[in-house]
Amino acid sequence: MTAGTLGIVRQAEHPVLPKPTHDERARQEFARSLKGFVQQGLLPGLGPVFQGRVGPAFARAHGRPPADRHDIRRGMVEDPYFQHYAATNRIAQELLWESVLDSIERQWSALNARAAQLSARATAPLEIAAGFDVPRYVTAIDIHCMPGGYAAEAGPDDVAAGALYDRGVFLYAMGFMGPFNDDMGRSVVNWLKRHLPDFRPQRILDLGCTVGHSTLPYKEGFPEAEVTGIDVAAPQLRYAHARAAGLGLEVAFRQRNAEATGFPDDHFDLVVSHILLHETSGKAMPRIFHECFRILKPGGLMIHADLPPFDLMDPFAQFILDNETWYNNEPFWGAMRDVDQPALARAAGFVDVRFDTAPMAILEAAGAAGGAEREFVAGEFAPGGGWEILVGRKPE
Ligand SMILES: C[S@@+](CC[C@H](N)C(=O)[O-])C[C@H]1O[C@@H](n2cnc3c(N)ncnc32)[C@H](O)[C@@H]1O
């Protein structure tokens, strides 16, 4: 299945989305289709290569079959088919960002000016903190090869990194995040409405909101609520604020660290995050759980949507997914999947802690979730058509 079969062919327009020229769009579509070829053309060959030659060669050399993803990797990295796959995947990823970056550089001043105008008209606040200390795990490398990373900025109005993320993620996800890249937020909102139909949160906080892709569905789903997105990266927040205003939604965006947000105790009814945790660190994660506990009201809910833990999948699927750690500048991607997240949440004080699956909203909308079996495609976050969520409740 491709997102095209669900009718998601183009990213939805909004006033700050950079507009590619014909040639820029052609390059972007080439990068996206190269990635599609890697996923659909090369990736399926890895299983037969492992079964047919790498696994047996490992067994001959070691006197035992490969035991885990590390053994599988040790064997596979020597194989030319795997090398071809991994190199092409990396090239597709770099090409994808480059194709967007060129387009943004051409319209940089106009984008910054448009974002500033939209933000000025919004009534919900945008808070950028002077001298803010961005954690090293965000700045040390260009996460998922995004040039400059999340927080790089060339001036006080700069939104380039936000524009790069917005357009790049649509290409990276090959449409599976939906036309507004908001499928994770939309899916968690659907999950809440289904499981807790009487839940009426008054204050909602989205941690690590980037450009607000997942934040806005909470405002749409709970229009009475005060919705806030926080992030450490100023250019993402500027873009997020302008994008929300351009889409007619009043959401506050504040530059805060999820490890120590500065919000009062017992403040929020719902604290969520989407693909934040795997981009933090082993030290940050427990701090974030403790902070969620502190700022939630008694009875409030914490939900983190992120990568499924490794113990839910077989060693070969673990190996495939762990390639992001090795070849896509995602240092915490694999390690995070080995962390006992429910134990961390319980240690922070949460009860009713569990993993659950929020069916992908794009599939539900197409009537496909639950019914059609969906092939697991490595690199996707949502095997089986759902996003993995960790849920915990602060006791009354
Ligand atoms: C993969 S993106 C999250 C995507 C976003 N939640 C969405 O659903 O579109 C990770 C984001 O987390 C932010 N981040 C990383 N560590 C953080 C922290 N300690 N506090 C707040 N934001 C953080 C990064 O700056 C980046 O914008």
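I looked up the ligand's nitrogen contacts. One nitrogen atom of the ligand lies 2.8 Å from a polar backbone atom of Ala258. I count a polar contact as a pair of N or O atoms within 3.5 Å. The protein buries 98% of the 600 Å² that the ligand exposes when taken alone. Those areas come from the Shrake-Rupley method with a 1.4 Å probe.

I noted what I was reading. This is a predicted model, where local features need pLDDT of at least 70, side-chain atom pairs need 80 or more, and totals for chains, interfaces and linings use all residues. Residues are numbered from 1 along each chain as its sequence is written, and side-chain values use heavy atoms, without hydrogens and water.

Next I checked the ligand's oxygen atoms. A polar side-chain atom of Ser214 is 2.5 Å from a ligand oxygen. The side chain of Asp231 has an N or O atom 2.7 Å from an oxygen atom of the ligand.

Then I listed the surroundings. I found 20 residues around the ligand, and the closest are Gly208, Thr210, Ser214, Asp231 and His274. A residue is near if one of its heavy atoms lies within 4 Å. The shell divides into ten nonpolar, seven polar and three charged residues.

Last, I turned to salt bridges. I used the rule of a Lys or Arg side-chain nitrogen within 4 Å of a carboxyl oxygen of Asp or Glu. The count comes to 24. Arg254 pairs with Glu127, with the closest N and O atoms 2.9 Å apart. Arg254 is in strand β4 and Glu127 in strand β1, 127 residues apart. Asp265 and Arg294 also form a salt bridge, at 2.7 Å between the closest N and O atoms. Asp265 lies in the loop between β4 and β5 and Arg294 in helix α11, so this pair ties together parts 29 residues apart in sequence. Helices (H or I, at least four residues) and strands (E, at least two) are DSSP runs, numbered from the N terminus.

How values were computed:
A polar contact is a pair of N or O atoms within 3.5 Å; within protein, one must be able to donate a hydrogen and the other to accept it, and residues adjacent in sequence count only if both atoms are side-chain atoms. Ala, Val, Leu, Ile, Met, Phe, Trp, Tyr, Cys and Pro count as nonpolar, Asp, Glu, Lys and Arg as charged, and the others, Gly among them, as polar.
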